[in-house]
Amino acid sequence: PGVLDASDALAFVGSPGCGGTALFVGSVRSPDGGRPIEMLEYEVWPERVGAELEAIAAEALERFGAERAWIGHRTGPVAPGEASVVVAVSSAHRAEAFDACRWAIDALKERAPIWKREVAGAETRWVANT
């Protein structure tokens, strides 16, 4: 997707039955390791990424007893300071929301077919999604 807005994620997971909502926003940082970063470029496997993000959200709900989950990840170029990933989870209690949100971002980094390339001046390099 294009620009990610955390308020869209919060609106999706909002529910009167949920007393806890956890939100994670991952942004491009610069400098990184002392190198000024112009942008990150994200590439995805289009036929698989949507289904995998949906599977991760569903699994987070099941594992932690949460009620709603929203996961979005940018594709293409993303400038420093802009959000590249947003995860929101709501549940009856805060502990489940926190746990599900953390698990979901970790699962995304491990399982989703998303690759990133770091652009720093004339130098570019593929970076492990950890």
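Ala128 is exposed, with a relative accessible area of 53%. Ala128 sits in the segment that follows β7 (123-127). Its C-alpha atom is 9.0 Å from that of Arg117, a residue eleven places away along the chain. The model described here is predicted.

**Helices α2 and α3**

- Two packed helices are described by the angle between their axes and the distance between the axes.
- Helix α2 spans residues 46-64 and helix α3 spans residues 94-111. The two pack at an angle of about 145 degrees, and their axes are 9 Å apart.
- The crossing of α2 and α3 is right-handed. On the α2 side, the contact is made by Glu52, Leu53, Ala55, Ile56, Glu59, Ala60, Arg63 and Phe64.
- On the α3 side, the contact is made by Glu96, Asp99, Ala100, Trp103, Ala104, Ala107, Leu108 and Arg111.

**Salt bridges: overview and network**

- A search of the whole structure finds eleven salt bridges.
- Arg48, Glu52, Glu59, Arg63 and Arg111 are linked in a network of salt bridges.
- Several members of this network also take part in the helix contact: Glu52, Glu59 and Arg63 on the α2 side, and Arg111 on the α3 side.

- Arg117 forms a salt bridge with Glu41, and the closest N and O atoms of the pair are 2.0 Å apart.
- Arg117 is partly exposed, with a relative accessible area of 23%. Glu41 is also partly exposed, at 22%.
- Arg117 is the residue whose C-alpha atom is separated by 9.0 Å from that of Ala128.

**Salt bridges within helices**

- In helix α2, Arg48 forms a salt bridge with Glu52. The closest N and O atoms are 3.5 Å apart.
- Arg48 and Glu52 are four residues apart in the helix, so about one helical turn separates them.
- Arg48 counts as partly exposed, at 36% relative accessibility, whereas Glu52 is buried, with a relative accessible area of 12%.
- In helix α3, Arg102 forms a salt bridge with Asp106. Here the closest N and O atoms are 3.9 Å apart.
- Arg102 and Asp106 are likewise four residues apart in their helix, so they too are separated by about one helical turn.
- Arg102 counts as exposed, at 59% relative accessibility, while Asp106 counts as partly exposed, at 43%.

**Two further residues of helix α2**

- Ala51 is in helix α2. Ala51 is exposed, with a relative accessible area of 51%.
- The C-alpha atoms of Ala51 and Ala112 are separated by 9.2 Å, and the two residues are 61 residues apart along the chain.
- Leu61 is also in helix α2. At 23% relative accessibility, Leu61 counts as partly exposed.
- Leaving out residues up to four places away in sequence, Leu61 touches Ala66, Glu67, Arg68 and Ala69.

**Nonpolar surface patch**

- Leu10, Leu23 and Val25 make a nonpolar surface patch of about 210 Å².
- Val25 belongs to strand β1 (residues 20-27). Val25 is partly exposed, with a relative accessible area of 37%.
- Residues in such patches have over 30% relative accessible area, so Val25, at 37%, is above that cut-off.

**Cis peptide bond**

- Most peptide bonds are trans.
- The bond that joins Ser30 and Pro31 is a cis peptide bond, with omega at about 5 degrees.
- Pro31 lies in the loop between β1 and β2.

Note on methods
Residues numbered from 1 in each chain as written. Predicted model: local features only at pLDDT ≥ 70, side-chain atom pairs only at ≥ 80, totals over all residues. Heavy atoms only, no water. Patch = residues over 30% accessible without salt bridge, like charges linked within 9 Å, V, L, I, M, F, W, Y side chains within 5 Å. Areas by Shrake-Rupley, 256 points an atom, 1.4 Å probe, with all protein chains shown as cover. Salt bridge = Lys/Arg side-chain N within 4 Å of Asp/Glu carboxyl O. Buried < 20%, exposed > 50% of the residue type's maximum accessible area, 1.4 Å probe, protein only. Axes fitted to C-alpha atoms, helices over the stretch in contact; angles between N-to-C directions. Left-handed = near helix turned anticlockwise from the far one by under 90°. Contact = heavy atoms within 4.5 Å.
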